[in-house]
Amino acid sequence: AHDNPVISLDDQGHVWVFASSHGTARPSYVFKSKQPYNIDAFDMVWKTNFSYPQPWYIEGQGFLFLHTRYGQGRGLYAMTSTDGITWSEGKSYAHIEEGHYQVSWPCGKKVGTAFDYHPKEGGLNYRTNLYYIETDDMAQTWKNVAGAAVETPLQTVKNNALVHDYAAEGLVVYV
(Lines give C-alpha, C1' and ligand atoms only; values in the text may rest on other atoms or scores of the structure.)
Protein backbone atom coordinates (compact mmCIF):
# COMPACT_ATOMS: atom_id res chain seq x y z
CA ALA A 1 0.00 0.00 0.00
CA HIS A 2 2.95 2.37 0.50
CA ASP A 3 4.72 1.65 -2.80
CA ASN A 4 2.59 3.91 -4.97
CA PRO A 5 4.34 5.31 -8.05
CA VAL A 6 3.92 8.93 -9.13
CA ILE A 7 3.90 10.16 -12.73
CA SER A 8 5.42 13.44 -13.90
CA LEU A 9 5.91 15.07 -17.29
CA ASP A 10 8.91 17.19 -18.30
CA ASP A 11 8.86 20.11 -20.74
CA GLN A 12 9.89 17.85 -23.64
CA GLY A 13 6.95 15.51 -23.03
CA HIS A 14 8.85 12.63 -21.47
CA VAL A 15 6.82 10.66 -18.97
CA TRP A 16 8.63 10.05 -15.68
CA VAL A 17 7.63 7.42 -13.13
CA PHE A 18 8.90 7.70 -9.55
CA ALA A 19 8.32 4.26 -8.02
CA SER A 20 8.78 4.44 -4.27
CA SER A 21 9.39 1.85 -1.62
CA HIS A 22 8.26 1.97 1.98
CA GLY A 23 11.16 2.33 4.39
CA THR A 24 14.70 1.23 3.57
CA ALA A 25 14.43 -2.52 2.91
CA ARG A 26 13.85 -2.26 -0.85
CA PRO A 27 15.06 0.09 -3.59
CA SER A 28 13.04 2.79 -5.29
CA TYR A 29 13.26 3.55 -9.00
CA VAL A 30 12.86 6.39 -11.49
CA PHE A 31 11.89 5.57 -15.07
CA LYS A 32 11.80 7.84 -18.14
CA SER A 33 9.80 7.16 -21.28
CA LYS A 34 11.98 6.44 -24.30
CA GLN A 35 9.90 8.81 -26.41
CA PRO A 36 7.94 11.96 -25.55
CA TYR A 37 4.21 11.48 -24.87
CA ASN A 38 4.61 7.72 -25.24
CA ILE A 39 4.22 5.01 -22.61
CA ASP A 40 5.25 2.01 -24.73
CA ALA A 41 8.81 1.78 -23.38
CA PHE A 42 10.81 3.19 -20.48
CA ASP A 43 14.42 3.33 -19.33
CA MET A 44 15.33 2.96 -15.68
CA VAL A 45 17.43 6.06 -14.96
CA TRP A 46 17.88 5.88 -11.20
CA LYS A 47 17.85 3.22 -8.49
CA THR A 48 17.92 4.62 -4.94
CA ASN A 49 15.64 4.77 -1.90
CA PHE A 50 12.76 7.15 -1.17
CA SER A 51 9.21 7.04 0.12
CA TYR A 52 6.12 9.15 -0.59
CA PRO A 53 7.50 10.85 -3.74
CA GLN A 54 6.28 14.29 -4.77
CA PRO A 55 8.23 15.29 -7.90
CA TRP A 56 7.44 18.65 -9.47
CA TYR A 57 8.78 19.67 -12.86
CA ILE A 58 9.41 23.41 -12.83
CA GLU A 59 9.53 24.83 -16.36
CA GLY A 60 13.01 25.93 -17.37
CA GLN A 61 14.60 24.62 -14.15
CA GLY A 62 13.96 20.88 -13.94
CA PHE A 63 12.71 18.68 -11.14
CA LEU A 64 12.18 19.63 -7.52
CA PHE A 65 11.74 16.27 -5.83
CA LEU A 66 10.16 16.34 -2.37
CA HIS A 67 10.11 12.98 -0.62
CA THR A 68 10.46 11.11 2.66
CA ARG A 69 13.49 9.20 3.88
CA TYR A 70 13.46 6.78 6.77
CA GLY A 71 16.12 6.87 9.45
CA GLN A 72 15.22 7.69 13.05
CA GLY A 73 11.70 8.43 11.84
CA ARG A 74 10.42 10.01 8.66
CA GLY A 75 12.45 13.00 7.43
CA LEU A 76 11.38 15.32 4.62
CA TYR A 77 13.97 15.87 1.89
CA ALA A 78 14.38 17.84 -1.32
CA MET A 79 16.54 17.04 -4.33
CA THR A 80 16.85 18.78 -7.67
CA SER A 81 17.77 17.76 -11.18
CA THR A 82 17.88 19.72 -14.42
CA ASP A 83 17.67 16.57 -16.54
CA GLY A 84 16.19 13.84 -14.30
CA ILE A 85 19.39 11.81 -14.64
CA THR A 86 21.83 13.64 -12.37
CA TRP A 87 20.47 14.59 -8.94
CA SER A 88 21.66 16.88 -6.17
CA GLU A 89 22.36 15.49 -2.73
CA GLY A 90 19.24 15.14 -0.64
CA LYS A 91 18.78 18.06 1.71
CA SER A 92 16.61 17.68 4.79
CA TYR A 93 14.09 20.45 5.37
CA ALA A 94 12.12 18.89 8.25
CA HIS A 95 12.74 16.17 10.80
CA ILE A 96 10.80 16.77 14.00
CA GLU A 97 10.72 13.84 16.44
CA GLU A 98 9.45 10.73 14.59
CA GLY A 99 8.85 12.52 11.30
CA HIS A 100 6.15 13.75 8.97
CA TYR A 101 3.57 13.26 6.31
CA GLN A 102 3.21 16.02 3.72
CA VAL A 103 1.23 17.24 0.76
CA SER A 104 2.76 19.67 -1.73
CA TRP A 105 1.73 21.62 -4.80
CA PRO A 106 3.43 23.90 -7.36
CA CYS A 107 2.28 27.33 -8.49
CA GLY A 108 4.53 28.69 -11.24
CA LYS A 109 8.09 28.50 -9.91
CA LYS A 110 6.91 28.22 -6.31
CA VAL A 111 6.30 24.91 -4.52
CA GLY A 112 4.60 24.82 -1.14
CA THR A 113 4.33 21.94 1.28
CA ALA A 114 2.04 21.43 4.27
CA PHE A 115 2.92 18.75 6.80
CA ASP A 116 2.20 17.40 10.25
CA TYR A 117 4.53 15.66 12.68
CA HIS A 118 4.56 12.32 14.45
CA PRO A 119 5.35 12.71 18.16
CA LYS A 120 7.33 10.04 19.99
CA GLU A 121 4.40 9.51 22.33
CA GLY A 122 0.88 8.78 21.13
CA GLY A 123 1.35 5.60 19.13
CA LEU A 124 2.10 4.65 15.57
CA ASN A 125 -0.86 6.47 14.01
CA TYR A 126 -0.75 9.70 16.02
CA ARG A 127 -0.08 12.91 14.05
CA THR A 128 -0.52 16.51 15.08
CA ASN A 129 0.22 20.16 14.27
CA LEU A 130 0.16 21.83 10.87
CA TYR A 131 3.27 23.34 9.29
CA TYR A 132 3.73 25.13 5.97
CA ILE A 133 6.80 26.21 4.00
CA GLU A 134 7.38 27.19 0.39
CA THR A 135 10.30 27.69 -1.95
CA ASP A 136 10.63 29.70 -5.14
CA ASP A 137 14.29 28.81 -5.79
CA MET A 138 14.30 25.02 -6.02
CA ALA A 139 14.68 24.41 -2.25
CA GLN A 140 17.71 26.66 -1.82
CA THR A 141 15.67 28.73 0.65
CA TRP A 142 12.31 28.31 2.35
CA LYS A 143 9.69 30.77 3.64
CA ASN A 144 6.70 30.37 5.92
CA VAL A 145 3.12 31.30 5.11
CA ALA A 146 3.83 34.95 6.07
CA GLY A 147 6.84 35.13 3.74
CA ALA A 148 9.47 35.09 6.52
CA ALA A 149 12.65 33.05 6.03
CA VAL A 150 12.65 29.59 7.58
CA GLU A 151 15.90 27.99 8.72
CA THR A 152 15.98 24.34 7.69
CA PRO A 153 16.02 21.60 8.64
CA LEU A 154 13.15 22.17 11.03
CA GLN A 155 13.86 20.04 14.11
CA THR A 156 11.77 21.51 16.91
CA VAL A 157 8.01 21.30 17.42
CA LYS A 158 7.71 25.05 17.93
CA ASN A 159 9.18 26.90 14.92
CA ASN A 160 8.20 29.67 12.52
CA ALA A 161 6.67 27.22 10.02
CA LEU A 162 3.98 26.24 12.54
CA VAL A 163 0.56 27.30 11.21
CA HIS A 164 -1.57 25.76 13.95
CA ASP A 165 -0.54 24.10 17.23
CA TYR A 166 -3.03 21.25 17.40
CA ALA A 167 -0.87 19.46 19.99
CA ALA A 168 -1.52 22.28 22.50
CA GLU A 169 -5.25 21.63 22.06
CA GLY A 170 -4.84 17.85 22.45
CA LEU A 171 -5.97 17.35 18.86
CA VAL A 172 -4.65 15.30 15.96
CA VAL A 173 -4.31 16.28 12.31
CA TYR A 174 -3.71 14.03 9.30
CA VAL A 175 -2.28 15.55 6.11
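Buried means under 20% relative accessible area. Phenylalanine 63 has 1% relative accessibility, so this residue counts as buried. The model is predicted.

**Nonpolar cores**

- In soluble globular proteins, nonpolar side chains tend to be buried together.
- The largest nonpolar core here has 21 residues. Tyr93, Ile133, Trp142 and Leu154 touch the most other members.
- Several strands each supply at least two residues of this core, among them E5 (51–58), E6 (62–70) and E11 (128–135). Strand E10 gives the most, with three residues.
- A second, separate core has nine residues, including Phe18, Phe65, Met79 and Trp87.
- Tyrosine 93 has contacts beyond its neighbours within four places in sequence. Its partners include Leu66, Leu76, Thr113, Ile133, Trp142 and Leu154.

**Aromatic rings**

- The count comes to 17 aromatic pairs.
- A pair of aromatic rings is described by the distance of the centres and the angle of the planes.
- Take tryptophan 16 and phenylalanine 63: their ring centres are 5.1 Å apart and their planes stand at 70 degrees, so the pair is edge-to-face.
- This pair links distant parts of the chain. Tryptophan 16 sits in strand E2 (residues 15–19) and phenylalanine 63 in strand E6, 47 residues apart.
- Tryptophan 16 is buried too, with a relative accessible area of 1%.
- Both residues belong to one aromatic cluster, formed by Trp16, Phe18, Trp46, Phe50, Tyr57, Phe63, Phe65 and Trp87.

**A charge over a ring**

- Arginine 69 lies over the face of tyrosine 77, at 4.5 Å from the ring centre.

Definitions and conventions:
Residues are numbered from 1 along each chain as its sequence is written. This is a predicted model: local features need pLDDT of at least 70, side-chain atom pairs count only at pLDDT 80 or more; totals for chains, interfaces and linings use all residues. Side-chain values use heavy atoms; hydrogens and water are left out. A nonpolar core is a set of buried Ala, Val, Leu, Ile, Met, Phe, Trp, Tyr and Cys residues joined through side-chain atoms within 4.5 Å. Buried means under 20% relative accessible area, exposed over 50%, partly exposed in between (1.4 Å probe, protein chains only). Helices (H or I, at least four residues) and strands (E, at least two) are DSSP runs, numbered from the N terminus. Contact means heavy atoms within 4.5 Å. Rings of Phe, Tyr and Trp (its six-membered ring) pair if their centres lie within 6.5 Å; planes under 30 degrees apart count as stacked, over 60 as edge-to-face and the rest as tilted. A charge sits over a ring if NZ of Lys or CZ of Arg is within 6 Å of the ring centre and within 35 degrees of the ring normal.
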